[in-house]
Each structure stands twice: as C-alpha cells, then as structure tokens.
Amino acid sequence: MSMILNPWFGKALTIAGIIVTVAIRVPHDGRSAKVPVVDSRKGTLEVVLLALMSLGIFVLPILSIATPFLSFANYPLHPMMFGAGVACLGLNFWLFYRSHADLGTNWSMTLEVRDGHQLISSGVYGRIRHPMYAAIYLYALAQAFLLPNWIAGPASLVTFTLMFALRLRPEEKMMIDKFGSAYRDYASRTKRLIPGVW
Ligand code: SAH
C-alpha cells in the first residue's frame with residue numbers, strides 16, 4: 001500500500017472548507033449588518049489584520065491549489081495528516097456554525113458593539129469565551145494538515161495567531177467597557193479557548 005495520498009484529496013477538502021465557511025458566514029453577515037453599530041474600534045491595526053487573514057485563509061490556499069506559483073513548496077500528503085485534517089475540519093464546521101447561531105446579530109467581523117448588544121454567555125459561549133476563534137483555529141489546523149504545501153498550508157495558523165494575539169485584550173476590554181461586572185463574572189467562570197484549560 002502506498003504511504004502517500006493523491007494531494008487532490010487534501011486540496012478538494014480545503015476548497016470544500018472554504019465553501020462551507022463562506023456559506024455559514026455570508027447569510028449571518030447580512031443579518032448582523034441590519035443592526036446599527038454604536039461603538040467601533042476598527043483601527044488601522046484591525047484593517048491590516050483582516051487583510052492578512054484573507055491572505056492566509058483564501059489567497060494563498062487558492063493560489064497553491066489553482067496555480068503552479070507555490071508548487072516549489074509542495075510535499076507529499078500522508079494519510080495520517082489527511083485523517084487529522086478531516087477531524088479538525090469536521091469539528092470546525094460544527095463549532096463555527098454553533099458560535100454564529102449562539103452569538104446571533106451581536107456578531108461583527110471586527111471590534112464593534114451593536115445597538116441593543118446582548119452579552120451572550122450560554123450555548124457554546126457557556127464553556128469558553130471565544131468559541132468562534134477556537135473554530136477558526138480548528139480550521140487553520142485543518143488547512144495545515146490538508147494542504148501539502150509549506151507556505152499555503154500553515155498560512156492561516158500564522159496569520160490567525162497574529163490576529164488572535166493582538167485582538168484578544170482589546171476585545172475583552174471593549175466587552176468590559178460595555179458590560180462591566182457582568183463580563184468580569186462571565187470571564188471568571190469561563191476559559192478563553194479550550195474548555196477547562198485556558
Ligand atoms: N470572540 C468571540 C466573538 C467573535 S466575533 C468568539 O470567538 O466567539 C467579534 C465580536 O463579538 C466582537 O466585536 C464583540 O462585539 C462580540 N462579542 C464577543 N464576545 C461576546 C459575548 N460573549 N457576547 C456578545 N458579544 C460578544
């Protein structure tokens with residue numbers, strides 16, 4: 001039995017991942033956009049981080065799949081990597097969908113508080129404070145496992161780690177400014193990304 005898989009298995013699932021992500025996000029974006037924003041903290045840093053995210057999650061993967069540009073960085077797809085990628089992608093689909101459903105129209109692409117913003121602390125938000133970011137990490141891991149290319153594979157892990165590291169504090173500060181002790185209490189009984197760990 002061959003120890004490597006046809007890389008197109010990984011590429012096809014990466015494309016499926018992009019399509020499902022967009023299919024979950026776009027209708028949600030439409031619903032949230034109808035609720036006015038009352039506090040926006042979208043500075044230059046956020047704009048740069050969002051652009052880097054698109055590069056890691058869409059541009060580099062699509063370039064590596066559809067063009068020979070990054071082919072110098074290709075490596076063989078191992079069945080174990082493929083299996084790990086499928087597992088991470090499946091978990092991501094579930095958590096990405098659940099976190100959008102639970103957050104409702106309180107969701108924003110960037111750091112914003114909306115009119116009548118509610119503090120969500122149940123559903124997947126009952127265990128961790130950043131389930132959507134946890135889902136994006138699962139997606140980034142799936143991409144790294146499924147796309148056998150040293151540049152496009154880990155691209156989202158790199159760009160999202162940067163975004164997460166620079167956004168976490170300002171986002172929690174914004175929630176404390178808005179909800180005060182209610183958010184502090186919520187933070188004291190939940191972890192950030194991994195239930196029971198951190
Ligand atoms: N960090 C969260 C939400 C990502 S969307 C997660 O990973 O699941 C980003 C927006 O969600 C922020 O602009 C903020 O307004 C909003 N937000 C974050 N946590 C929230 C909460 N517990 N309840 C309501 N809105 C929240």
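These legends go with several views of a predicted model.

**View 1. The whole chain, end to end.** Here you're looking at a chain with six helices and two strands. Starting at the N terminus, the order of elements is α-β-α-α-β-α-α-α. Laid along the principal axes, the C-alpha atoms fill a box of roughly 60 × 35 × 25 Å.

**View 2. How the chain is packed.** A compact globule of 198 residues would have a radius of gyration near 16 Å, and the chain comes in at 18 Å, which agrees. Buried residues make up 44% of the 198 in the chain. Take the contacts between residues at least 6 apart in sequence: 83% of them join residues at least 24 apart.

**View 3. Helix α1 against helix α2.** Two packed helices are described by the angle between their axes and the distance between the axes. Helix α1 covers residues 7–33 and helix α2 covers residues 44–66; their axes come within 11 Å and cross at roughly 150 degrees. Angles over 145 degrees count as roughly antiparallel, so that's what α1 is relative to α2. The crossing of α1 past α2 is left-handed.

**View 4. Side by side: the residues where α1 and α2 touch.** On the α1 side, you'll find Trp8, Lys11, Thr14, Ile15, Ile18 and Val22. They meet Ile57, Phe58, Pro61, Ile62, Ser64 and Ile65 of α2. Sorted by class, this contact has nine nonpolar residues, two polar ones and one charged.

Definitions and conventions:
Residues are numbered from 1 along each chain as its sequence is written. This is a predicted model: local features need pLDDT of at least 70, side-chain atom pairs count only at pLDDT 80 or more; totals for chains, interfaces and linings use all residues. Side-chain values use heavy atoms; hydrogens and water are left out. Axes are lines fitted to C-alpha atoms, for helices over the stretch in contact, and angles run from 0 to 180 degrees between N-to-C directions. Helices (H or I, at least four residues) and strands (E, at least two) are DSSP runs, numbered from the N terminus. Angles under 35 degrees count as roughly parallel, over 145 as roughly antiparallel, 65 to 115 as roughly perpendicular and the rest as oblique. A crossing is left-handed if the near helix is turned anticlockwise from the far one by less than a right angle, and right-handed if clockwise. Contact means heavy atoms within 4.5 Å. Ala, Val, Leu, Ile, Met, Phe, Trp, Tyr, Cys and Pro count as nonpolar, Asp, Glu, Lys and Arg as charged, and the others, Gly among them, as polar. The radius of gyration is taken over C-alpha atoms; the globule rule is 2.2 Å times the number of residues to the power 0.38. Buried means under 20% relative accessible area, exposed over 50%, partly exposed in between (1.4 Å probe, protein chains only).
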